[in-house]
Amino acid sequence: MHAPSRSTVLPLLAGALLLGACEGSTGSLEPGEARLTVQLTDAPGDLAEAQVKISRIVLQGAEGGDSTSARQEFAVDAGGWIDLLDLAGGKLQELVGGAAVQPGTYSQLRLVIDDAYVVTTDDRVFATTGAELPAGITADGELKCPSCSQSGFKVKFPGGIQVQDATTLVVDFDVNQSFGHEAGKSGKYVLKPVLIGARKPGGTPLGSISGTVALAQGVTVPACGGAATLDLTRFVPTATAGATVKTGSAQAGGAYVIGSVPAGSYTLGVDPVGFANGDTLTFTAAATPASVAVSDGATASADYSVTAASCKVGS
C-alpha cells in the first residue's frame, strides 16, 4: 500500500510550532549565558512529500580567540515526522526553543537525521533502511542516506555563527537540492542535505523576494517527467549571494516567493528540475531587475520573463 494523502500523515503546519528543546531551556539564565533558538524552513522540490526525523542539534565551538570550545547537543522531540514541503515559502518550525548556551563564536551547527522518506509525484515511496514509517505507508524502494544517525549534516553559515543574548538561527533544508534520483538505473533515491543557515539576532525577521513569472508570447511549458501537462509550479527561482543559494516556489498563476532570505545583495536565476524517470525540465528566463538588495524583514521585488522551456529526456 502506498502513501495516503499528506493531510492524513501530518497536518499542515501553521506558523512556528515547537518541536523540542534541551534541558534548561526555560527559566532564568545563569550569568554569562545566552538563549538559542533553532528554526527550520524549506525550499521546495519536485516531490509530493519529503519527510524527516531530526533527533539532535549539535553546536560545535571553534578554537582560539574569544570562541567557545565546548560541544553542546540539544535534543529534538523525535515523536513525529516533519514534512519539509509544508515549510516552503518561508514558514518556520522550531527545533530548539530558547535553550541556554554559552555566548561566543561557534564553528558549525549539525543536524542529526535518524530516518527519512520521500513520496514521488507518481505516488512511489522511498525510505531509509529500517525507518518506522507511518501506518499505511510501505516503501517501494530505498532512500540512501550515508550519514544519517551518525555525525549529522553540517549547516553552512557564511561568516560563522555568533551566539549572543537571544539568538535565532534559521536552517533552510533545500529539498530541491537535497533529494535526488541516484545516477544509473538502480531506482534508488539519495539524501545529501543542502543546509544553509542564517542568524536572526534578537529575533530580527529575515527578508524575502517575490514577484511574478510570465511566459513570453508563444512559449509553453512542455510535457516532461511522464506528465502530459505541466505549468509554472515547476519553475524554481533562485537567489545567489556568494556561497548562499536560496530557492523558492511559483504558483500556477505565476506568483513566486523566495522566503527566509538573509539581508544582502542577490543575483536572480532559475534552477532546472529533475524528474524520477531521468527527464530534466529547463527554463530560460531573465529577472527584472537581475539582482536585488534584501533587508531584514523586508520584501524585495523582481519579475521573471520566460523565453524558452525545454525537456531533456533521460536515458
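Which two cysteines form a disulfide, and how far apart are their sulfur atoms? The pair is Cys224 and Cys311, with 2.1 Å between the sulfur atoms. The structure is a predicted model, in which local features need pLDDT of at least 70, side-chain atom pairs count only at pLDDT 80 or more, and totals for chains, interfaces and linings use all residues. Residues are numbered from 1 along each chain as its sequence is written, and side-chain values rest on heavy atoms, with hydrogens and water left out.

A search of the whole structure turns up one disulfide, the term being used for a pair of cysteine sulfur atoms within 2.5 Å. In general terms, a disulfide is a covalent bond between the sulfur atoms of two cysteines. The torsion about the S-S bond of Cys224 and Cys311 comes out at about 75 degrees, so this disulfide is right-handed. It links distant parts of the chain, 87 residues apart: Cys224 sits in the loop between strand 15 (207-215) and strand 16 (236-241), while Cys311 belongs to strand 25 (residues 303-312). Strands here are DSSP runs of E with at least two residues, numbered from the N terminus. The two ends also have their own accessibility values. Cys224 counts as buried at 2% relative accessibility, whereas Cys311, at 24%, counts as partly exposed. For these labels, buried means under 20% relative accessible area, exposed means over 50%, and partly exposed is in between (1.4 Å probe, protein chains only).

Now to the aromatic rings. The whole structure holds six aromatic pairs, where rings of Phe, Tyr and Trp (its six-membered ring) pair if their centres lie within 6.5 Å, and planes under 30 degrees apart count as stacked, over 60 as edge-to-face and the rest as tilted. One of the pairs is Trp81 with Tyr117: the ring centres are 4.9 Å apart and the planes stand at 75 degrees, so the pair is edge-to-face. Trp81 lies in the loop between strand 3 (71-75) and strand 4 (82-83) and Tyr117 in strand 6 (residues 104-119), so the pair ties together parts 36 residues apart in sequence. Trp81 is buried at a relative accessible area of 10%, and Tyr117 is buried at 0%.

The backbone has a couple of features to note. Most residues other than glycine have a negative phi, and most peptide bonds are trans. The bond from Thr288 to Pro289, however, is cis, with omega near -5 degrees. Pro289 is placed in the loop between strand 22 (280-288) and strand 23 (291-294). Asp123 is not a glycine, yet has a positive phi of about 70 degrees. Asp123 is found in the loop between strand 6 and strand 7 (125-127) and is partly exposed, with a relative accessible area of 32%.

Finally, Ser291 lies in strand 23 and counts as partly exposed at 39% relative accessibility. Leaving aside neighbours within four places in sequence, Ser291 is in contact (heavy atoms within 4.5 Å) with Tyr266 and Thr267. Between the C-alpha atoms of Ser291 and Thr240, 51 residues apart along the chain, the separation is 9.0 Å.

Note on methods. Helix = DSSP H or I, 4+ residues; strand = E, 2+ residues; numbered from the N terminus.
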